[in-house]
Amino acid sequence: MLGLDTCLAEVMSIPGALDAMLIDHTSGMAVAFSTASGVDADRSAEALTEALRATSDGLSRSSPGDYVRVDEMLITTDKGHHLLRLLDTAFEGPLALYVRLDMERSNLALARHRLQAISDQLLT
C-alpha cells in the first residue's frame, strides 16, 4: 500500500502533471496535495467536489431507476486535462485522486493508465 506522500509523488511523476490532490469527496476537503503552480488546494478540492456531485446528479437524473456510479471523470480545457479517479476506501471514506495535466506535455492515455495503477496501489 502506498503512503499519501508516495502516492502524490507517483502522480506528479506522470509526464505533464502540474498538480495532484487526494480529495475527500464527502466533505470537499483536500486530504493531501502537491502543486507546482501555487493553486489553493482547499478551494480547488471544494470546487472539484461540487463538479463531481453535479455530474453524478445529472447522470442519475438522465438514467432514472439506474444506479449511476462515476469511476473516473475527465475534463479537457483549452489549457489542459483534469482527471478525477474515485476511490472507495474502507479506512477514510470516499476519496478522489485528482491530477491536472499540461495540454502540450501530457499523454492522456498514459496518464489515465498510470492514475488507475496508482489508485490500485493506494487501495491494496
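The following dialogue examines how several features of this predicted model are assigned.

Mentor: This is a predicted model, in which local features need pLDDT of at least 70 and side-chain atom pairs count only at pLDDT 80 or more, while totals for chains, interfaces and linings use all residues. Residues are numbered from 1 along each chain as its sequence is written, and side-chain values use heavy atoms, with hydrogens and water left out.

Trainee: Which residues of α3 are called buried, and why are they said to line one face?

Mentor: Buried means under 20% relative accessible area, exposed over 50%, and partly exposed in between, with a 1.4 Å probe and protein chains only. A111, L115, I118, S119 and L122 are the buried residues of α3. Seen down the helix axis, they fall within an arc of 100 degrees, so they line one face; the arc is that of the directions from the axis to the C-beta atoms. A109 and H113, on the other side of α3, are exposed.

Trainee: What makes the approach of E50 to R53 a polar contact?

Mentor: A polar contact is a pair of N or O atoms within 3.5 Å; within protein, one must be able to donate a hydrogen and the other to accept it, and residues adjacent in sequence count only if both atoms are side-chain atoms. The side chains of E50 and R53 make such a contact at 3.0 Å.

Trainee: How do you know that strands β1 and β2 pair?

Mentor: Pairing requires that DSSP find at least two bridges between two strands. Six bridges join β1 (residues 17-24) to β2 (residues 29-35), and the strands run antiparallel. M21 stands opposite F33 in β2.

Trainee: What makes a set of residues a nonpolar core?

Mentor: The set must consist of buried Ala, Val, Leu, Ile, Met, Phe, Trp, Tyr and Cys residues joined through side-chain atoms within 4.5 Å. The largest such core has 18 residues, and V11, I14, L97, V99 and L101 have the most contacts inside it.

How values were computed: Helix = DSSP H or I, 4+ residues; strand = E, 2+ residues; numbered from the N terminus.
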